[in-house]
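Welcome! Please keep the view open as you read.

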Amino acid sequence: MTAAAKIVPAFDAQKARGDFPILSRQVYGKPLVYLDSGASAQKPHKVLQAMTQFAETDYANVHRGVHYLSAAATDAYEAARRTVQKFLGAAREDEIVFTKGGTEAINLVSYGFLAPRIQPGDEIVLSVMEHHSNIVPWHFLRERQGAVLKWVDVRDDGSLDIEALGAAIGPRTKLVAITHMSNVLGTVTPLKDIVARAHAKAVPVLADGCQGAVHEIIDVQALDIDFYALTGHKIYGPTGIGALYAKRAHLKTMRPFNGGGEMIREVTQDIVTYADPPSRFEAGTPPIIEAVGMAAAIDYLMAFDRAAVKAHEHDLLTYARERLRDFNWLRVIGDAPGKGAIISFEAEGMHAHDLATILDREGVAVRAGHHCAQPLMERFGVASTSRASFALYNNRADVDALVAALAKAREILG
Amino acid sequence: MDQSLRELYQEVILDHSRHPRHFGALENATHKAEGYNPLCGDRVTVMVMLDGEGRVADIKFQGKGCAISQASASLMTEMLAGRTRAEAEKLMEGFLHLAKGEEAPGLSPDDREYLDVMSGISEFPMRVKCATLAWHTFKNAVEEGKNAMDEGVT
Ligand SMILES: Cc1ncc(COP(=O)(O)O)c(C=O)c1O
């Protein structure tokens with residue numbers, strides 16, 4: 001064998017595509033072109049297999065029994081926690097709290113960490129490109145406790161105005177809540193810079209990593225970030241599971257969110273004392289099978305050269321951007337340097353929902369609407385956009401199908 | 001090309017969506033309601049002037065939305081002008097049946113034929129709400145000017 005024949009491509013997208021059973025199905029008699037991974041990613045066979053196998057061989061409730069299976073299930077659940085720890089680069093496994101998703105992770109910070117620290121007039125800094133799940137929990141504190149939301153704008157290309165963010169952090173700022181990657185614009189935020197600016201004023205930072213964790217390589221220690229939220233179903237894992245990374249020092253001061261089993265040290269008729277983190281924040285029977293599934297998804301993702309995966313997704317983005325340039329009736333929203341593999345656009349004379357309906361009949365699944373980011377829609381003066389989001393299993397043929405379907409939509413609606 | 005798409009986005013529908021009839025403000029409206037579809041952010045305001053006998057003397061709508069919601073609102077205003085409230089209600093009922101792909105026995109042959117251009121929507125269950133928004137909003141307007149948003153538009 002020659003040396004050249006031994007060279008394996010860093011990331012074989014076509015091979016990876018075969019890992020996802022659903023991608024071989026058809027819709028309306030046409031091959032499925034799935035460009036909605038930003039809403040939820042498809043699951044590789046390995047993840048589904050890991051969940052089934054666990055349920056068939058090692059399943060019981062966790063942390064409760066003395067019997068064999070209870071120990072096996074607890075081991076699997078805690079191993080899943082270590083997998084998330086490794087994925088995020090956390091120093092300790094007990095800095096990982098399992099939640100039912102990214103939304104719950106952010107709400108946990110709002111309720112457990114920030115609410116007790118808020119006096120009327122205290123400020124929370126956030127950007128206009130946040131997802132509603134990184135907005136509404138802070139609105140709660142505005143409504144209930146008189147917190148003030150300080151909105152940081154994005155530039156016209158969708159990049160974060162980092163100077164404005166720095167300037168928005170003042171003596172009354174209690175938290176910076178910022179997306180790692182916008183689910184509409186694809187903009188990736190400079191977390192390290194943000195954290196440095198916030199910490200210089202002793203303000204903690206929460207990153208909404210629901211999109212960022214899919215595409216970026218994360219090291220919470222290097223970032224020195226205080227909180228990082230992620231959700232399982234977007235990283236090729238199951239629904240019903242997510243995680244919050246929080247620095248140990250913060251977790252220790254946080255009040256519990258839900259009360260119930262698992263999260264206590266002792267309960268009497270008069271008093272209750274709480275378990276140490278992370279159990280304190282995991283009341284009730286957790287999503288055990290889902291935790292195992294999320295760990296399998298992370299293992300799946302980490303087995304690839306992630307820089308190569310990112311390069312592949314970036315290639316798709318660049319290719320899509322080029323091909324869409326042919327349509328002068330189409331306006332792409334979000335062109336920030338270094339953005340991730342999400343492309344949102346508005347089509348002249350075509351409402352996003354009409355467009356998405358026509359694409360759908362061509363087998364092309366895109367998202368249309370406000371993407372749970374209404375303040376951002378307002379910022380760009382649009383009611384809604386269409387969005388194609390790319391995952392590791394997409395290829396250039398998917399982009400071609402999108403372009404062909406767009407041409408058809410123009411023919412029908414234009 | 002998918003036949004059901006051609007049917008949904010047929011020329012009549014596109015024409016109504018691009019050149020909606022009865023579009024604008026109705027200065028002397030007696031009834032008015034706003035409809036909102038939180039799913040897509042589409043909004044429609046329906047303004048009605050009922051005469052002494054409860055007949056739709058004039059009707060107008062305003063709003064922004066997809067081709068389906070705009071065309072449906074436009075067609076609706078054309079149909080409702082001159083009708084009594086009872087007639088309007090029967091029309092709406094018939095339309096809701098058509099939108100779900102059901103028979104609409106209560107409709108006169110003429111009305112049935114007129115509404116037929118919208119019946120393609122039944123093949124697109126995710127879009128039925130777009131087509132029914134204006135009708136629900138009209139109903140809310142004539143019933144004490146309620147807000148369609150509070151009604152959980154279906
Ligand atoms: C940027 C961003 N944040 C938060 C969320 C919420 O995630 P989940 O719905 O899984 O809780 C999403 C996904 O919808 C998202 O894209």
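**Helices that cross in chain A**

Helix α14(A) passes α16(A) in a right-handed crossing, where right-handed means that the near helix is turned clockwise from the far one by less than a right angle, and left-handed means anticlockwise. Helices here are DSSP runs of H or I with at least four residues, strands are runs of E with at least two, and both are numbered from the N terminus. This is a predicted model, in which local features need pLDDT of at least 70 and side-chain atom pairs count only at pLDDT 80 or more, while totals for chains, interfaces and linings use all residues. Residues are numbered from 1 along each chain as its sequence is written, chains are lettered from A and ligands numbered from 1 in the order in which they are written, and side-chain values use heavy atoms, leaving out hydrogens and water.

**More on α14 and α16 of chain A**

- The contact (heavy atoms within 4.5 Å) is made by A:D354, A:L355, A:I358 and A:L359 on the α14(A) side, and by A:L402, A:A405, A:L406, A:A409, A:I412 and A:L413 on the α16(A) side.
- Sorted by class, this contact of α14(A) with α16(A) has nine nonpolar, no polar and one charged residues. Nonpolar covers Ala, Val, Leu, Ile, Met, Phe, Trp, Tyr, Cys and Pro; charged covers Asp, Glu, Lys and Arg; the others, Gly among them, are polar.
- Two packed helices are described by the angle between their axes and the distance between the axes.
- For α14 (residues 352–361) and α16 (residues 396–413) of chain A, the axes come within 9 Å and cross at roughly 120°. Axes are lines fitted to C-alpha atoms, for helices over the stretch in contact, and angles run from 0 to 180 degrees between N-to-C directions.
- α14(A) and α16(A) are therefore oblique to each other: under 35 degrees counts as roughly parallel, over 145 as roughly antiparallel, 65 to 115 as roughly perpendicular, and the rest as oblique.

**Two other helix pairs**

- In chain A, α3 (residues 45–57) and α12 (residues 288–302) pack at about 145°, with axes 8 Å apart.
- The crossing of α3(A) and α12(A) is right-handed.
- Residues in that contact include A:M51 and A:F54 of α3(A), and A:V292 and A:Y300 of α12(A).
- The contact of α3(A) with α12(A) divides into 11 nonpolar, one polar and two charged residues.
- In chain B, α2 (residues 11–18) and α3 (residues 67–80) pack at about 85°, with axes 8 Å apart.
- α2(B) and α3(B) are therefore roughly perpendicular to each other.
- B:I13, B:H16 and B:S17 of α2(B) make this contact with residues of α3(B), among them B:Q70 and B:L75.

**Around the ligand**

- Residues surrounding the ligand (a heavy atom within 4 Å) include A:G102, A:H131, A:D208 and A:C210.
- A polar side-chain atom of A:T103 lies 2.6 Å from an oxygen atom of the ligand.
- A side-chain N or O atom of A:T231 is 2.6 Å from a ligand oxygen atom.
- For A:K234, a side-chain N or O atom is 2.8 Å from a ligand oxygen atom.

**Backbone details**

- A cis peptide bond joins A:P277 and A:P278, with omega about 5°.
- A:P278 is found in the loop between β12 (272–274) and α12 of chain A.
- A:Y28 is a residue other than glycine with a positive phi, near 50°.

How values were computed:
Polar contact = N/O pair within 3.5 Å; in protein donor to acceptor, adjacent residues only side chain to side chain.
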